[in-house]
Amino acid sequence: MDQQQRLARLFDELADTYDEVGVDFFQPIASGLVEALEPRPGQRVLDIGCGRGAVLLRLAAAVGPNGSATGIDVSPRMVQACIDDAVRANVKVEVRIGDAMAPDLPAGTCDLVASSLVLFFLPDPHTALRAWRELLAEGGRVGVSTFGPYDDRWAQTVDDALRMHVATGTQDARTNGRQGPFGSDEGMEQLLADAGFQGIRTERSVVKPRFESCEHWYEWSMSVGQRQFWRAIPDDQLGEVKAAVFAAVDLCRDDQGRIGFDQTVRYTLGER
Ligand SMILES: C[S@@+](CC[C@H](N)C(=O)[O-])C[C@H]1O[C@@H](n2cnc3c(N)ncnc32)[C@H](O)[C@@H]1O
């Protein structure tokens, strides 16, 4: 099974609970990206790796009935969940299965291309960005969100405790690119520049997911890409690992005593 099939299976597994467990994470991140992209009525927009539509539904509302909003995702269950969410929100979108490495749209037909928390999953982000640039009309804009730094305390307790029990090769989107382009604003800007974009700039925000309890955090953790870590733990060790990781989670509390971490989000923007 190749990387794309593995990711499709992972996101298929978690699509029903993704962004549905009462934690403010993907929505504020999406909202920041849409704000930075400043969509206008009538524009043609594409959301790559749209998931359940955190970005796509906002874009569709902004471009209105005279615009068009298309989403693609590699996970069939995410695509279906996104369509269902759009119907519930009464927003017109077109959503289909598609590969971010080679989106199947005609060249020069998008005013905006958005992609939130996807680029670091791709086998070759540079090639993907070049392909996305081709989809843009002259003067069209791209915006991608990726993870910046997050709480050292959380990284050194919770994430280290979890990682200790998992075979190497399992990747955490928040940390797997620390040394590469995903490790800094400059690295991301260079990635866009190398793909031919101009007028590149970075905006940042901080999101602060909070959890009611260790169990609530676990429920969230199983509803996001981190699920792959839990899946990699043999059944007979799961109880022991959960106890160790929960002990670490319980230590990471804010001034109000709430469990959580602060996550910097990086928005990298460019133009064709
Ligand atoms: C962390 S989720 C982000 C979803 C959405 N953009 C959001 O902000 O909520 C990553 C998404 O990327 C999708 N994805 C991963 N690799 C992909 C690929 N090669 N092509 C298209 N989608 C992909 C996954 O299926 C998943 O829905």
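Me: What covers the buried residues of H6?
Reply: The cover includes S5, helix H9 (227–231) and helix H10 (235–251). Contact here means two C-beta atoms, placed from the backbone, within 7 Å. Helices (H or I, at least four residues) and strands (E, at least two) are DSSP runs, numbered from the N terminus.

Me: Before we go on, what are the ground rules?
Reply: This is a predicted model, and local features need pLDDT of at least 70, side-chain atom pairs count only at pLDDT 80 or more, while totals for chains, interfaces and linings use all residues. Residues are numbered from 1 along each chain as its sequence is written.

Me: OK, which residues of H6 are buried?
Reply: In H6 (residues 152–163) they are Trp154, Val158, Asp159 and Leu162. Buried means 20 or more other C-beta atoms within 10 Å of the residue's own, exposed means 12 or fewer, and partly exposed is in between, with C-beta atoms placed from the backbone. Down the axis of H6, the buried residues fall within an arc of 85°, so they line one face of the helix. That arc is taken over the directions from the helix axis to the C-beta atoms.

Me: And which ones are exposed on the other side of H6?
Reply: Asp152, Gln156 and Asp160.

Me: Why would a spacing of three or four places matter in a helix?
Reply: An α-helix has 3.6 residues a turn, so residues three or four places apart point the same way.

Me: Switching to H4. How many residues does it have?
Reply: H4 (residues 76–89) has 14 residues and reaches 20 Å from its first C-alpha to its last, close to the 20 Å expected. The expected span is 1.5 Å times one less than the number of residues.

Me: Which of its residues are buried?
Reply: Met78, Val79, Ala81, Cys82, Asp85 and Ala86 in H4 are buried. They fall within an arc of 165° seen down the axis of H4, so they line one face of the helix. Val87 and Arg88, on the other side, are exposed.

Me: What covers that buried set in H4?
Reply: Helix H1 (3–14), helix H3 (56–63), strand S2 (68–73) and strand S3 (94–97) are among the elements that do. Just after H4, Asn90 takes a positive phi of about 60°.

Me: Now the sheet. What order do the strands come in?
Reply: There are 7 strands in an open sheet, ordered S3-S2-S1-S4-S5-S9-S6, with mixed pairing. Two strands count as paired if DSSP finds at least two bridges between them. S3 and strand S6 (198–207) are at the edges with a single partner strand each, so one side of each is left without a neighbour in the sheet. The twist averages 20° from one strand to the next.

Me: Where does H4 pack on it?
Reply: H4 touches S2 and S3, and its direction makes about 170° with that of S3. Axes are lines fitted to C-alpha atoms, for helices over the stretch in contact, and angles run from 0 to 180 degrees between N-to-C directions.

Me: How do S1 and S2 pair, parallel or antiparallel?
Reply: Parallel, over 5 bridges, with Leu46 opposite Thr70 in S2. The chain crosses from S1 through H3 to S2 in a right-handed β-α-β crossover. Right-handed means that, with the strands pointing away from the viewer, the path from the first strand over the helix to the second runs clockwise.

Me: What about S2 and S3?
Reply: They pair in the parallel sense over 4 bridges, and S2, H4 and S3 make a right-handed β-α-β unit.
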